[in-house]
Amino acid sequence: MKKWLAPLLAISAAASPAAAHEVWIERDGAAPARIYLGEPAEAVPESGDPEFPKLKAPVLFTGNRDRPAPLVRRTNHIEAAVSGAGDVRLVDDNVFEPWAGEDGKLQGVVYHARAGRTETRHALDLEIVPLAAGGDSFAVLWQGSPLPGAKLTIIDPDRWAKSTLADDKGVVAVPARGRGRYLLSTTHEVKGDRVLSGKPVASAVHVSTLTYVAP
């Protein structure tokens, strides 16, 4: 039986649509990257998720974040033409409006995403990084440092989902459950004043996804 364990438990589901949504990238070989907003354990509707219009201008890049790829909006995703067959990443802090947390203070969400597991370097504030190129063990990193005990949600090619915890080094081994696309996701809340979507917030929930295709 398929089981969906939402990785955004830190966000009140009643407070914001961000509680049920993630941003992720899908890419096949050297084809254009496809950027989605939705619930990754569910099939993406042909017309797009109801919240898809809020995904306006994610910054998608390969080697250099200062040189983002051009974007083309499609019916249910955003397409980005990128050269080569390496890993691609994005960041977007302007999807959902900030909302009031349980303490009444505003908080917002920052999305990070990566497609591919050929590189062992990190380039996002919150990133799920393979320990070896093409491997099945990953480190959850915050600004390059491990996050011990981080919760990682694994969605396999059949959309069967399971949540597990990283070890004391922030490492998680992902079981191979057949060929196809895997999606891993994690969250990390950071206290501190900053501006998101043009509003000052007291904390930010960072959400990061990684997709890769197992041969």
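This report walks through a predicted model of one protein chain, from its overall build down to a few single residues.

## How to read the model

Because this is a predicted model, local features need pLDDT of at least 70 and side-chain atom pairs count only at pLDDT 80 or more, while totals for chains, interfaces and linings use all residues. Residues are numbered from 1 along each chain as its sequence is written, and side-chain values use heavy atoms, with hydrogens and water left out.

The score called pLDDT is the predictor's confidence in each residue, from 0 to 100. Here the protein chain averages 91, and 92% of the residues score at least 70. Residues 1-15 have a pLDDT below 50; in the model, this stretch has 34 contacts beyond near neighbours in sequence. A contact means heavy atoms within 4.5 Å. Where pLDDT is low, the predicted coordinates should not be read in detail.

## The overall build

What is the secondary structure of the protein chain? It comes to 0 helices and 16 strands. Both kinds of element are DSSP runs numbered from the N terminus: helices are H or I with at least four residues, and strands are E with at least two.

The radius of gyration of the protein chain is 16 Å, close to the 17 Å that the globule rule gives for 215 residues, so the chain is as compact as a globular protein of that length. This radius is taken over C-alpha atoms, and the globule rule is 2.2 Å times the number of residues to the power 0.38. Along the principal axes, the C-alpha atoms fill a box of roughly 45 × 40 × 40 Å. Among contacts between residues at least 6 apart in sequence, 56% join residues at least 24 apart.

## Inside and outside

Of the 215 residues, 48% count as buried. Buried means under 20% relative accessible area, exposed means over 50%, and partly exposed lies in between (1.4 Å probe, protein chains only). The accessible surface of the protein chain comes to about 10100 Å², with 51% of it belonging to carbon and sulfur atoms. Such areas come from the Shrake-Rupley method with a 1.4 Å probe; for residues, only the protein chains shown count as cover.

## The nonpolar cores

A nonpolar core is a set of buried Ala, Val, Leu, Ile, Met, Phe, Trp, Tyr and Cys residues joined through side-chain atoms within 4.5 Å. The largest one has 24 residues, and those with the most contacts inside it are Ile25, Leu55, Leu60 and Tyr111. Among the elements that give two or more residues to this core are β1 (22-26), β2 (33-38) and β16, while β8 gives the most, with 4 residues. A second, separate core of 17 residues includes Leu147, Ala150, Val172 and Ala214.

Leaving out residues up to four places away in sequence, Leu55 touches several residues, including Val23, Ile35, Ile78 and Val95.

Is Ser203 buried or exposed? Ser203 has a relative accessible area of 5%, so it is buried. Ser203 sits in strand β16 (residues 199-214). Its side chain makes a polar contact of 3.3 Å with the side chain of Gln107, and another of 3.3 Å with that of Glu189. A polar contact is a pair of N or O atoms within 3.5 Å; within protein, one must be able to donate a hydrogen and the other to accept it, and residues adjacent in sequence count only if both atoms are side-chain atoms.

Ser197 lies in the loop between β15 (180-196) and β16. With 19% relative accessibility, Ser197 counts as buried. Its side chain has a polar contact of 3.0 Å with the side chain of Asn94 and reaches the backbone oxygen of Phe96 at 3.4 Å.

Most residues other than glycine have a negative phi. Phi of Ser197, however, is near 50 degrees, a positive value. Arg159 also has a positive phi, near 65 degrees. Arg159 lies in the loop between β12 (151-155) and β13, and is partly exposed at 35% relative accessible area.

Finally, Lys169 is in the loop between β13 (161-165) and β14 (171-173). Lys169 counts as exposed, at 60% relative accessibility. The C-alpha atoms of Lys169 and Ala150 are separated by 9.7 Å, and these residues are 19 apart along the chain.
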